[in-house]
Amino acid sequence: MTRPASVLARQTTGAGPLLGLALRRDKVMLPCWLYAAVGSVAVTGISFGKLYPTALSREVFAATINQSASLRAVYGPIFGTGIGGLTAWRMAAFGGVIVALMSSLLVVRHSRAEEETGRLELIGAGAVGRGAPLTAAVGTAVLGNLLVALLIPVAMIATGQDAAGSVAFGLAVACSGLVFTGIAAVVAQITETERAANGACGALLGLAFLLRAAGDAAGPGGPGWLSRLSPLGWTEQVRPYGGDRWWVVVLALVVAAALIAAAFALVSRRDLGAGLLPQRPGPATGAARLRSASALAWRLQRGSLYGWSAGALISGAVFGSLAKGVLSLFGGNAQIQQIIQRMGGQQSIVDAYLATMVNLLGMVAAVYAVQAALRLRGEEADGRAEPLLATAVSRLRWACSHLAYPLAGSAVLLIAGGAGTGVAAGVLLGDVGGRTASLVGAAAAQLPAVWCIAAGAVLVIGLLPRRTSAAWGILSVLLLISYLGPALKAGQWVLDLSPFTHIPRLPGAQFAAAPLLWLTGLAAVLAATGLAALCRRDLG
């Protein structure tokens, strides 16, 4: 009889070198994700200490949050009124989303994406077990989550918080990532392409967030059990600094282990390069509308554009629905008013809040724009661009067909987000038409900043095609400056590094066309330089 241990050893032969290769490939991406998760937690804790220095102010703040269904839907309920409890409230779900995205992308990148490109077939010809690539992919994500579980307590303890609560906080956030590690591992066996796997993981993450939001927003007699169906809800239910429910951590770890075990069981049940759900066969001949480079680019980019636009519309509606409660929540805290007004407008706290939310929509659009721009490099690296360019299609025409989406697609996304914010805020404030028009205009004003960041990605593609991950690093730094710089009272020269600093803070501030014009000009120069370099260098 063959022992299970020997079978497992054969299945995972060669996993160590593959894990080392994966970590080497992610030497830039993984630290960026860790910085985003851990740095956001540390800065949030410091900010709460400055904004609410007394126990009474924190208790009043917590009571206001817990009484508002819309605020609970966005951030969840508050279980502890200390600095640590407020930090856990603010960052549990948000941090869970960050590490869930990190884990999903890492697992798909090192499993399904490698199969799709054919590299695993080449590797599998050597002394490598069938489950070794999945072991390396899962190991990379697990290592990232272990670092999150270690670094968050270190950051919180360094700010003077309770050690037990800090450990519970770190484990709560990491458990969300571990569960989505298992989900991504299973999805990678079911789907047949990297795009489908990432799309399915993103949809499941969105469903988890909606379940958590619906459960948290429910009143005493409502369906609060919905949040308990979501891994992001489990992150909250650990209740760091407010009870430290360790059994929730154990539950999340058991679910993650079960999902990972299921993924390994599915590996041997399918052919290499295929998914358990095969793709549907297409028509024998292509439609007339696909007989151009721009039509092909539309077919490749449209799914992402639809998804991001729907997300922006929903997010805008959520942001707008909170407008009426801003005065009661922040009106009595002068420091928060100063921070919001520094990020937003200068007329009223409501306008400043709405300007801040529109600015966040601009940051979301920047993430989409970088992703859409890097699709150009993905087509090149995977060898799909070369057959297309062997026809009468020029490099410039091919590149521009894809780069239309960082430009026009980001505009669609921002208009959708601005419209959602304006309609929701207008319904509550009694001016649907006026609020919608002003917020759509404010969202459109974010476009030059988004285009600058997208043009930077084009420049990286043209000059450093093998270092395109640097585009994500640049984006992360700029967004952190925009998001956290005002709260930390960073110097103006630091804030000026981000293009979002130069956008007029609409609504509420005076419109200025000059910064929009020179940001647009800068974006044009960066994009033109990147395109010129792309047209002159070798492909691949």
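This report describes the fold, aromatic pairs and charged pairs of a predicted model.

## Basis of the model

The structure is predicted; local features require pLDDT of at least 70, side-chain atom pairs count only at pLDDT 80 or more, and totals for chains, interfaces and linings use all residues. Residues are numbered from 1 along each chain as its sequence is written, and side-chain values use heavy atoms, with hydrogens and water left out.

## Overall fold

The protein chain contains 24 helices and zero strands. Both elements are DSSP runs numbered from the N terminus, with helices (H or I) of at least four residues and strands (E) of at least two. Of the 540 residues in the chain, 50% are buried. Buried denotes under 20% relative accessible area, exposed over 50%, and partly exposed the range in between, using a 1.4 Å probe and protein chains only.

Among contacts with a separation of 6 or more, 78% involve residues 24 or more positions apart; a contact requires heavy atoms within 4.5 Å. The chain exposes about 23,600 Å², of which carbon and sulfur atoms supply 67%. Accessible areas come from the Shrake-Rupley method with a 1.4 Å probe, and for residues only the protein chains shown count as cover.

## Cysteines

The whole structure has zero disulfides, a disulfide being a pair of cysteine sulfur atoms within 2.5 Å. Cys535 is in no disulfide, and the nearest cysteine sulfur, that of Cys400, is 8.0 Å away. Cys535 is partly exposed at 33% relative accessibility, and Cys32 is also partly exposed, at 24%.

## Aromatic pairs

There are six aromatic pairs in the structure. Rings of Phe, Tyr and Trp (its six-membered ring) pair if their centres lie within 6.5 Å; planes under 30 degrees apart are stacked, over 60 edge-to-face, and the rest tilted. Trp298 and Tyr405 are stacked, with 6.2 Å centre to centre and 25° between the planes. Because Trp298 belongs to helix H14 (residues 293–321) and Tyr405 to helix H19 (residues 395–429), this pair ties together parts 107 residues apart in sequence. Trp298 is partly exposed at 32%, whereas Tyr405 is buried at 11%.

Trp308 and Tyr368 form a tilted pair, with ring centres 6.0 Å apart and planes at 55°. This pair links helix H14, which holds Trp308, to helix H17 (residues 349–381), which holds Tyr368, across 60 residues. Trp308 is partly exposed at 24%, while Tyr368 is buried with a relative accessible area of 0%. Elsewhere, Phe48, Tyr52 and Trp89 make up one aromatic cluster.

## Salt bridges

The structure holds eight salt bridges, each defined by a side-chain nitrogen of Lys or Arg within 4 Å of a carboxyl oxygen of Asp or Glu. Asp26 and Arg109 form one of them, at 2.9 Å from N to O. Asp26 lies in the loop between helix H2 (15–25) and helix H3 (29–51) and Arg109 in helix H6 (residues 83–110), so the pair ties together parts 83 residues apart in sequence. Asp26 is buried at 1% relative accessibility; Arg109 is partly exposed at 23%.

Within helix H17, Arg377 and Glu380 are three residues apart, about one helical turn. Their salt bridge has its closest N and O atoms 3.1 Å apart, and both residues are buried. Glu379 and Arg384 also form a salt bridge, at 3.1 Å from N to O. Glu379 is buried at 5%, and Arg384 is partly exposed at 39%. Shared partners join Arg375, Glu379 and Arg384 into one salt-bridge network.
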